[in-house]
Amino acid sequence: MKKNIILLSCLAAALTFVSCKSESDISTGVIASSAADTVDKVNKSVWQDTSGEDIQTHDGIIYWQGKYYWYGLDYSQNLINGGSGGFKAVKCYESEDLVNWTFKNNVLTANSSVALNEADVNNVRVIYNKNTNKFVMWMGYNTTYMYGTSLSYWTLRSSHNKLYLNANLCATADTPYEAFEVANSYFTVNGGAAITSLFVDDDGSAYCLDWANYNNSWRLYINKLTDDYLGVSSNVAMLFPETYVGRSAIVKHNGYYYLIGATFYGDLDNGANSMSSADGWLDYHFTYYDFYRGTSVSTPKAYTGVMYCSAQSLDGPWSGLSTFGPDYEDYEFSDCFKIQGSEGISYMLTFNQWDSSDLSQSAYVWQPLFFNKVTQTFDEPYFDDYDTITIDAAKGTVSAE
């Protein structure tokens, strides 16, 4: 309660240009809803839900029937945080204003399926299928017993901690917050890919973005999903060989598709370990089992910020990657979600500031995505490290200072 009062005072001062913020407050920023009494989020900090518990989710957000649902792993219990037994739960939170979040349910747990008993899960994404009336969850899925791997689960835990085999698994539910049921056995995309996000186009077609090795060269793929969203039907585009694009998202605006992604540098197979302070996700994401070489690789790359490319069709041609936003490397791009209301649509970029020593204490960073018209037909996206962000979820508007 005291924290809210402090933030309210600072927000009021910011709006009247009378500063009460410390230097650290200015650098982190305040996220508020349109109702001032709900101010309680500060960028680059761990956020709490309406019960005062730390929010444990660093993945995707969807909108359904006037509310937003946020999904992610419980890192305080998950394998990659050093806990025993691997995956524990995917958590779901609900909000009407995108500032106050209520914990709803552990929508997927290690007891949801035998396939999840000794496994690890990453990059949870959920989309809604209007044809089947199902909410479909995709996730990276890994277990050390797959594909004839000779080392046992526990040997790998001790000698190759955070090993990833880059398989995938889907689960479905009738509502966004009830228990999801595993809908298929684990499978691989592009011979073993890290799924980074899902995208649903205006016509209801769905796509996954994934990062995989093709003919000894890493690429970012855009794959069209089957009608039930439970598998891949075809490859649409294969982009940026040897560029190392991590978590990515597609935004459709004014006739263009914008692909926004985290980027990394260096030779994946021979480069040095990550020099980024935000390498909690990198460490486990880039430790994987290479199906093409039959070996494990443990050389995470340094995060180099966010870049984007654009196209008028998902199959291209796509522009080259362009530098995007401020040059900050202490928090890593995660996703971009749509805020839709009575007066329009806005977009919010989400980032994670990973704490490698304790992933459950990894901080959140949100920054609005804006567009500048640079030609008659093309709008250029941009964002900055704003001091104060105000969201009016009912109207679908965002303002920033």
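Biologist: Which strand does Ile250 lie in?

Modeller: Ile250 lies in strand S15. Keep in mind that this is a predicted model.

Biologist: Why is Ile250 called buried?

Modeller: Buried means a relative accessible area under 20%. Ile250 has 8%, so it is buried.

Biologist: What makes a residue a contact of Ile250, and which residues qualify once neighbours within four places in sequence are left aside?

Modeller: Contact means heavy atoms within 4.5 Å. Leaving those neighbours aside, Ile250 is in contact with Phe199, Leu209, Ile222, Tyr257, Tyr258, Leu259 and Leu314. Take Leu209 as one of them: 41 residues separate Leu209 and Ile250 along the chain, and their C-alpha atoms are separated by 8.6 Å.

Biologist: What about the whole protein: how much of it counts as buried?

Modeller: The protein has 401 residues, and 56% of them count as buried. Its accessible surface comes to about 15900 Å², with 48% belonging to carbon and sulfur atoms. Its secondary structure consists of 4 helices and 26 strands.

Biologist: How do you know that strands S7 and S8 pair?

Modeller: Two strands pair if there are at least two bridges between them. S7 and strand S8 (residues 134-142) are joined by 8 bridges, and they run antiparallel. As one example, Val121 has Tyr141 in S8 as its bridge partner.

Biologist: What is the strand order in the sheet that holds S7?

Modeller: The order is S7-S8-S9-S10, an open sheet of 4 strands with antiparallel pairing. S7 and strand S10 (181-182) each have a single partner strand, so they stand at the edges, with one side of each left without a neighbour in the sheet.

Biologist: Now the largest pocket: how much space lies in it, and which residues lie nearest its centre?

Modeller: About 1100 Å³ of space lies in the largest pocket. Its lining has 40 residues, and Ile127, Phe199, Val200, Lys338 and Gln340 lie nearest the centre. Phe199 is also among the contacts of Ile250.

Biologist: What makes a residue part of that lining, and which strands supply at least two residues?

Modeller: A lining residue has an atom within 4 Å of a point of the pocket. The strands that supply at least two residues each include S7 (120-129), S11 (193-200) and S15 (245-253).

Biologist: How many residues of the lining are nonpolar, polar and charged?

Modeller: The lining has 22 nonpolar, 8 polar and 10 charged residues.

Terms used: Residues numbered from 1 in each chain as written. Predicted model: local features only at pLDDT ≥ 70, side-chain atom pairs only at ≥ 80, totals over all residues. Heavy atoms only, no water. 1 Å grid on protein atoms, 1.4 Å probe; cavity = no way out; pocket = protein on both sides within 12 Å on 5 of 7 lines; lining within 4 Å. Points joined across faces, edges and corners; volume = space filled by probe spheres on them. Nonpolar A, V, L, I, M, F, W, Y, C, P; charged D, E, K, R; others polar. Buried < 20%, exposed > 50% of the residue type's maximum accessible area, 1.4 Å probe, protein only. Areas by Shrake-Rupley, 256 points an atom, 1.4 Å probe, with all protein chains shown as cover.
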